[in-house]
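Please keep the sequence and the model in view while reading.

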Amino acid sequence: MARSFRATTRRSSGAKHSVYVVLLHDARRAEPWGLYVGQTARDPDLRFDQHKAGYKSSGAARRFGVRLLPDMTAHLNPMRQLESLDLEAALAEALRAAGVAWVEGGH
């Protein structure tokens, strides 16, 4: 499903933002596996490390983040900021619509 998304500003001038997906796991939940969708001007690997360290982090990504899922978004990155914000929200909504019970982020 994520592969169906396209970034029209991919690799264009000023394209330095990325959308990323983090695998979440919380054994206490009825549906223990979930996804966090975010966007960043940093390298997604660095941004994931920042989440885990608590720097400007999503609580869900910090506490329950297992690893990045780069195959879901590599075909989109990098792109311009406005498009990354739109795609972050659209991807999170599409994951919810596809039946993923636990989706965080996507603001």
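The paragraphs below take up the sheet, then the cores, then the rings.

The model is predicted, so local features are given only at pLDDT of at least 70 and side-chain atom pairs only at pLDDT 80 or more, while totals for chains, interfaces and linings use all residues. Residues are numbered from 1 along each chain as its sequence is written, and side-chain values use heavy atoms, without hydrogens and water.

Helices (H or I, at least four residues) and strands (E, at least two) are DSSP runs, numbered from the N terminus. Strands 1 and 2 run antiparallel and are joined by 8 bridges. Leu24, for instance, has Gly34 of strand 2 as its bridge partner.

A nonpolar core is a set of buried Ala, Val, Leu, Ile, Met, Phe, Trp, Tyr and Cys residues joined through side-chain atoms within 4.5 Å. Buried means under 20% relative accessible area, exposed over 50%, and partly exposed in between (1.4 Å probe, protein chains only). The largest nonpolar core has 18 residues, and among those touching the most other members are Val21, Leu35 and Leu91. Strand 1 (18–25), strand 2 (33–40) and helix 3 (81–97) each supply at least two residues of this core. Helix 3 gives the most, 5 residues. Apart from this core lies another, of 10 residues, including Tyr20 and Ala60.

Which aromatic rings pair? Rings of Phe, Tyr and Trp (its six-membered ring) pair if their centres lie within 6.5 Å; planes under 30 degrees apart count as stacked, over 60 as edge-to-face and the rest as tilted. Tyr20 and Tyr36 have ring centres 6.2 Å apart and planes at 45°, so the pair is tilted. Phe64 and Trp102 form an edge-to-face pair, 5.7 Å centre to centre with 70° between the planes. Both Phe64 and Trp102 are buried.

Conventions:
Pairing = 2+ DSSP bridges.
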